[in-house]
Amino acid sequence: MIREKDRPLLSWKASYSVGVASVDEQHARLIFLLNEFRSAIEENHGCEVLERTLGRLSEYAETHFAYEEQLMERCAFPDLEAHRRLHANAASRIRGFMESAELPRDTLCSVVLVFVQNWLLNHIMGADKAFAERMQAHGIT
Ligand SMILES: [Fe+2]
């Protein structure tokens, strides 16, 4: 099994592009903040730093989700509600992990890291790419 530590940091790749520059920039920033959180875990920082970096990541994720949803409203994207639910579910999963009292804090952070890493890439490559075409057709690039 590949340990999380042995995996290279994520970096934004051209293949992640959804064809809308502002969304791509925000995805790249999310990846940057995710790496910051991962480094804090790997460098064994205390709870305060972990929570601060995770806070920055989830705060920015919420801003980004709202931005995408606004764009989808603007171009009357038919799957807006389903997409909105994907965003809301991810945000509540993260909150749920962090509020759980069953595992030690640093273990929870690693669980959140793996969850966000997988969720973000799948989401960009799947659901986000699905609405990109619609946005381009509405002149949003
Ligand atoms: Fe999205």
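Trainee: In which loop does alanine 76 lie?
Mentor: This is a predicted model. Look at α2 and α3 (80-99). Alanine 76 lies in the loop between α2 and α3.

Trainee: Is alanine 76 buried or exposed?
Mentor: Count the other C-beta atoms within 10 Å of alanine 76: there are 9. A residue with 12 or fewer counts as exposed. So alanine 76 is exposed.

Trainee: What is phi of alanine 76 near?
Mentor: Alanine 76 is a residue other than glycine. Its phi is still positive. The value is near 45°.

Trainee: Is α1 roughly parallel or roughly antiparallel to α2?
Mentor: Helix α1 spans residues 21-42 and helix α2 spans residues 47-74. Their axes come within 9 Å and cross at roughly 165°. An angle over 145 degrees counts as roughly antiparallel. That makes α1, relative to α2, roughly antiparallel.

Trainee: Is the crossing of α1 and α2 left-handed or right-handed?
Mentor: Two packed helices are described by the angle and the distance between their axes. For α1 and α2, the crossing is left-handed.

Trainee: How many residues of the contact of α1 with α2 are nonpolar?
Mentor: In α1, the contact residues include Leu30, Leu33 and Phe37. In α2, they include Leu54, Leu57 and Tyr60. The contact also has 3 polar and 4 charged residues. The nonpolar ones number 14.

How values were computed
Residues numbered from 1 in each chain as written. Predicted model: local features only at pLDDT ≥ 70, side-chain atom pairs only at ≥ 80, totals over all residues. Axes fitted to C-alpha atoms, helices over the stretch in contact; angles between N-to-C directions. Helix = DSSP H or I, 4+ residues; strand = E, 2+ residues; numbered from the N terminus. Parallel < 35°, antiparallel > 145°, perpendicular 65-115°, else oblique. Left-handed = near helix turned anticlockwise from the far one by under 90°. Contact = placed C-beta atoms within 7 Å. Nonpolar A, V, L, I, M, F, W, Y, C, P; charged D, E, K, R; others polar. Buried ≥ 20, exposed ≤ 12 C-beta atoms within 10 Å, placed from the backbone.
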